[in-house]
Amino acid sequence: MSRQLQARRTVTVCKNVWLEFTQLAADYKAVNLGQGFPDFSPPKFVQEAFCKAVSGGHQMHQYTRAFGHPPLVNILAKFFGKMVGHETDPLEDVLVTVGAYQALFCTFQALIDEGDEVIIVEPFFDCYQPMVKMAGGTPVYIPLRPKAEGSAVLSSADWVLSAEELASKFTPRTKAIVINTPNNPLGKVYKAEELQTIADLCIKHDVLCISDEVYEWLTYDGNKHVKMAGLPGMWERTITIGSAGKTFSATGWKVGWVISCGNIIQHLKVVHQNCVYHCATAAQEAVARGFEREYELFGSPESYFQQLPAMLHHKREKLASCLESVGLKPVMPEGGYFMITDISSVKVDSGDESAVDEPADFRFVKWLTKEKGLATIPVSAFYSPEHSKDFDKYIRFCFIKEDSTLNAAEDILRKWRQTV
């Protein structure tokens, strides 16, 4: 074709970091602490619900309601309406999507126009930036920064926003701000007062808040997840993103959702119905049954929402201890299932001339994968070009893995450090 083949809106969208490092891990058969998915099965009760759904007659194999399977939107509205203290209409205020990824895509496509500015808090999940750009928006970045000076940064709680810097990012062109709590890759769980600072600015400037809360059930050490939509004046301007994959350790099911007020959701429905139109019926049925069970057991020791973070607390401690024992400096996450660690004390010669111009963390991750067989993710991939150089001394590990996988990673790290 002689004329331009590629749509202009995709020209500035760089290649996906996950494609590159997933392939690298596969090529070198590495122990994979890079990708954020469990290497164990979902809980038995949702597996059984899925099996029951697919063997339950023809209806589970056919289309259901386009904007969400009725049992699922009903329990989501009931569950989250109670949490935010706002009556939630299952048919108007909830949209079920193909994972949180499509929830984000629908949100940006439906609400962001050419020339709109979207504030993105760094570090951020890497799809935010290209999705904003493809919608015609302009990303505006503000990083969480370590507040500790002259001492080691020990916790994700030490990473904070400057209220003054944040306020300076709001302009008459600002349409939305995107936050992620608990944060990937940092594990920061925003405190109520931190969210209130953001909420006050959103209300003052009439701005939307896109709140990615897919790790909401995974918090540690007494930290509590606070939902932005539950703050005064924020229900009508918050778009809350959720994920069954993260909630029930079933990332391959690709069931996500958006919860917001109906006058916002109606615009996302337009994108959804002209995009995927419909999500897998049986998977939605199984997730609905899972949430119904958790609603009845909420707060009890039998609840999976209690059991999963308890299990991950042990794995978090195990990984942190391993990293510290080989001279690395982990930042203890308050939530989520990722841990970043400072690698600035480590000097390696990758010998890869093709990577000489890449950030330090990219070079280190490639070296660790190729030479030692351990896959991780460079943290600068979660930053904008203007800030990535300030944070290329960190790499990310995923700890929602079997203990045998974590043990294999520990063995690799110990053997490597013995040779240094």
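**Before you start**

The model is predicted: local features need pLDDT of at least 70, side-chain atom pairs count only at pLDDT 80 or more, and totals for chains, interfaces and linings use all residues. Residues are numbered from 1 along each chain as its sequence is written, and side-chain values use heavy atoms, with hydrogens and water left out.

Helices (H or I, at least four residues) and strands (E, at least two) are DSSP runs, numbered from the N terminus.

**Stop 1: the seven-stranded sheet**

Show β2, β10, β9, β8, β7, β3 and β4. In that order, these 7 strands form an open sheet with mixed pairing. Two strands pair if DSSP finds at least two bridges between them. Now colour β2 (94–97) and β4 (138–143): these are the edge strands, each pairing on one side only. Neighbouring strands of this sheet are turned by 20 degrees against each other on average, direction ignored.

Select 208–212 and 238–243 next. These are β8 and β9, which run parallel and are joined by 4 bridges. Find I210; opposite I210, in β9, stands I239.

**Stop 2**

Contact means heavy atoms within 4.5 Å. Axes are lines fitted to C-alpha atoms, for helices over the stretch in contact, and angles run from 0 to 180 degrees between N-to-C directions.

**Stop 3: α4 against α9**

Select 99–111 (α4) and 262–273 (α9). Their axes come within 8 Å and cross at roughly 105 degrees. That makes α4 roughly perpendicular to α9 (65 to 115 degrees counts as such). Show side chains: residues of α4 including F105, C106 and L111 meet α9 residues, among them I264, L268 and V271. By class, this contact has 7 nonpolar, 5 polar and no charged residues. Ala, Val, Leu, Ile, Met, Phe, Trp, Tyr, Cys and Pro count as nonpolar; Asp, Glu, Lys and Arg as charged; the others, Gly among them, as polar.

**Stop 4: the four-stranded sheet**

Move to β11, β12, β15 and β14, which in that order make an open sheet of 4 strands with antiparallel pairing. β11 (329–331) and β14 (377–378) are at the edges with a single partner strand each, so one side of each has no neighbour in the sheet.

Zoom in on 338–342 and 394–398: β12 and β15 run antiparallel, joined by 5 bridges. Pick I340; the bridge partner of I340 in β15 is R396.

**Stop 5**

Select 304–325. This is α11, lying across β11, β12 and β15 at about 15 degrees to β12. Finish with 360–372, helix α12, which touches β14 and β15. The direction of α12 makes about 45 degrees with that of β15.

Conventions: Parallel < 35°, antiparallel > 145°, perpendicular 65-115°, else oblique.
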